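Here's a quick briefing for anyone opening this structure for the first time. Have a look at the model, then read on.

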Amino acid sequence: MFPIATSVHLRTVTFAHPHAIELNDRVQLEYAERYGDEGDVTFLDPSMFEPPRGRYLIAYDGSGTPLATGGWRAMDENDMGYADGDAELKRMYVTPQARGLGLARRILAALEDDAKAAGRTRMVLETGTKQPEAIALYTSSGYTLAPVKFGHYRFENLSRCYVKAL
């Protein structure tokens with residue numbers, strides 16, 4: 001039986017939490033399958049997601065099963081194309097059995113609210129052309145293509161960068 005989205009609760013955890021590691025491993029496998037490589041090699045340290053300069057969320061069903069994740073980390077102007085006040089969305093993932101319940105949209109909204117409350121002015125993210133579901137989520141949530149690409153994969157043809165004012 002599939003969980004009901006209303007019985008799902010969001011919990012702040014560290015990026016080093018066992019469930020965060022488990023779901024990160026699962027999303028990395030999905031990236032590797034879609035892109036035919038080793039997954040996303042962007043350097044992420046768990047401390048990057050610690051409040052007030054970040055947050056990492058896991059959505060759990062009523063029985064404590066982790067269903068979805070996402071986080072943001074503060075980024076400021078640097079040689080990778082970020083701007084002062086950026087909050088970068090990372091590791092958005094919904095397990096296959098929980099897809100279609102609106103969990104990604106719920107996590108996205110919570111992360112946007114949290115980043116804005118922390119003083120961030122723009123949410124940014126990098127995704128790829130082989131993730132059409134992600135692109136559909138972001139564009140339907142008000143994200144637009146970035147005028148200048150940023151991040152680890154900014155020079156890759158399959159990379160797409162999106163931004164949204166907070």
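**Aromatic rings and a covered strand**

At 9% relative accessibility, F15 counts as buried (buried means under 20% relative accessible area, exposed over 50%, partly exposed in between, with a 1.4 Å probe and protein chains only). This is a predicted model, where local features need pLDDT of at least 70, side-chain atom pairs count only at pLDDT 80 or more, and totals for chains, interfaces and linings use all residues. Residues are numbered from 1 along each chain as its sequence is written, and side-chain values use heavy atoms, leaving out hydrogens and water.

**Aromatic rings**
- There are 5 aromatic pairs here; rings of Phe, Tyr and Trp (its six-membered ring) pair if their centres lie within 6.5 Å, with planes under 30 degrees apart counting as stacked, over 60 as edge-to-face and the rest as tilted.
- F15 and F49 have ring centres 4.9 Å apart and planes at 40 degrees, so that pair is tilted.
- F49 is buried too, at 2% relative accessibility.
- The rings of F49 and Y56 sit with centres 5.5 Å apart and planes at 75 degrees, so they are edge-to-face.
- Put together, F15, F49 and Y56 make one aromatic cluster.

**Strand β4**
- β4 pairs with strand β3 (residues 66-75) in the antiparallel sense over 7 bridges, where two strands pair if DSSP finds at least two bridges between them.
- A68 has V94 in β4 as its bridge partner.
- β4 and strand β5 (residues 122-128) run parallel, joined by 3 bridges.

Terms used. Helices (H or I, at least four residues) and strands (E, at least two) are DSSP runs, numbered from the N terminus.
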